[in-house]
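Work through the two exercises below, using the structure shown. Each task is followed by a stepwise solution.

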Amino acid sequence: MPTQAKDAAIAEITSRFQDSSAAVLTEYRGLTVAQLSQLRRSLGAGSSYAVVKNTLTKRAADSVGFSELAPLLTGPTAIAFIAGDPVEAAKAIRDFSKANPALVVKGGVVEGRPVDAAEVTRLADVESRDVLLAKLAGAMKGNLTKAAGLFQAPLSQVARLAEALKEKKPAGDAPASDDTAAAAPTTPDTDADAAPAASDD
């Protein structure tokens with residue numbers, strides 16, 4: 001391959017690494033063109049599946065800081081460059097490899113972090129971002145509803161209690177007026193009668 005063509009290929013692979021949320025390296029030996037097309041479609045919109053040259057891919061990986069991928073770049077290699085949720089793509093690759101054992105996952109990079117084949121499989125078992133967000137939203141909505149109920153219940157009970165007290169309050173329970181309070185102290189006559197009784201003892 002002419003040097004100019006090599007440079008263009010390296011630049012393209014580099015760009016795909018940089019623009020992808022994940023890149024999964026696979027060995028595709030034994031897969032038909034039709035099967036490879038099926039795998040490409042299963043990865044979702046914006047993702048791609050490309051057969052690459054190992055030497056050029058090593059140079060591209062080095063240029064973006066993914067030198068850990070070098071040991072994986074042996075034998076026939078094709079890379080799934082993922083746009084969007086890596087979990088969904090990992091599920092698609094796992095399901096495809098179950099139906100087509102000729103596809104072998106070597107490892108890759110997810111969100112800038114190198115991963116091995118086992119980690120790609122574990123990623124496929126994780127619930128997708130949309131499902132997790134939906135569950136989180138449901139949990140938050142449930143907690144907010146409970147909180148609103150807790151806040152509303154005491155207020156409504158207080159309102160009902162206040163209304164009941166207002167309707168059922170007896171007239172005799174009214175607070176004493178100033179006139180009543182003034183009549184309460186004992187008169188001098190009463191005090192005078194009590195004094196001799198104490199002196200008799």
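The exercises cover salt bridges and a helix contact.

The model is predicted, so local features need pLDDT of at least 70, side-chain atom pairs count only at pLDDT 80 or more, and totals for chains, interfaces and linings use all residues. Residues are numbered from 1 along each chain as its sequence is written, and side-chain values use heavy atoms, leaving out hydrogens and water.

**Exercise 1.** Find which residues are linked with Arg-94 in a network of salt bridges.

Solution. 
1. Apply the criterion: a side-chain nitrogen of Lys or Arg within 4 Å of a carboxyl oxygen of Asp or Glu.
2. Arg-94 pairs with Asp-95, with the closest N and O atoms 3.1 Å apart.
3. Arg-94 also pairs with Asp-125, at 2.8 Å between the closest N and O atoms. Asp-125 lies in the loop between α5 (117–124) and α6 (129–168) and Arg-94 in helix α4 (residues 86–99), so this pair ties together parts 31 residues apart in sequence. Helices here are DSSP runs (H or I, at least four residues), numbered from the N terminus.
4. The network therefore comprises Arg-94, Asp-95 and Asp-125.

**Exercise 2.** Determine how α4 and α5 pack, and which residues make the contact.

Solution. 
1. The angle is about 105°, with the axes 7 Å apart.
2. α4 is thus roughly perpendicular to α5 (65 to 115 degrees).
3. With contact meaning heavy atoms within 4.5 Å, α4 contributes Pro-86, Val-87, Ala-90, Lys-91 and Arg-94, and α5 contributes Val-120, Leu-123 and Ala-124.

How values were computed:
Helix = DSSP H or I, 4+ residues; strand = E, 2+ residues; numbered from the N terminus. Axes fitted to C-alpha atoms, helices over the stretch in contact; angles between N-to-C directions. Parallel < 35°, antiparallel > 145°, perpendicular 65-115°, else oblique.
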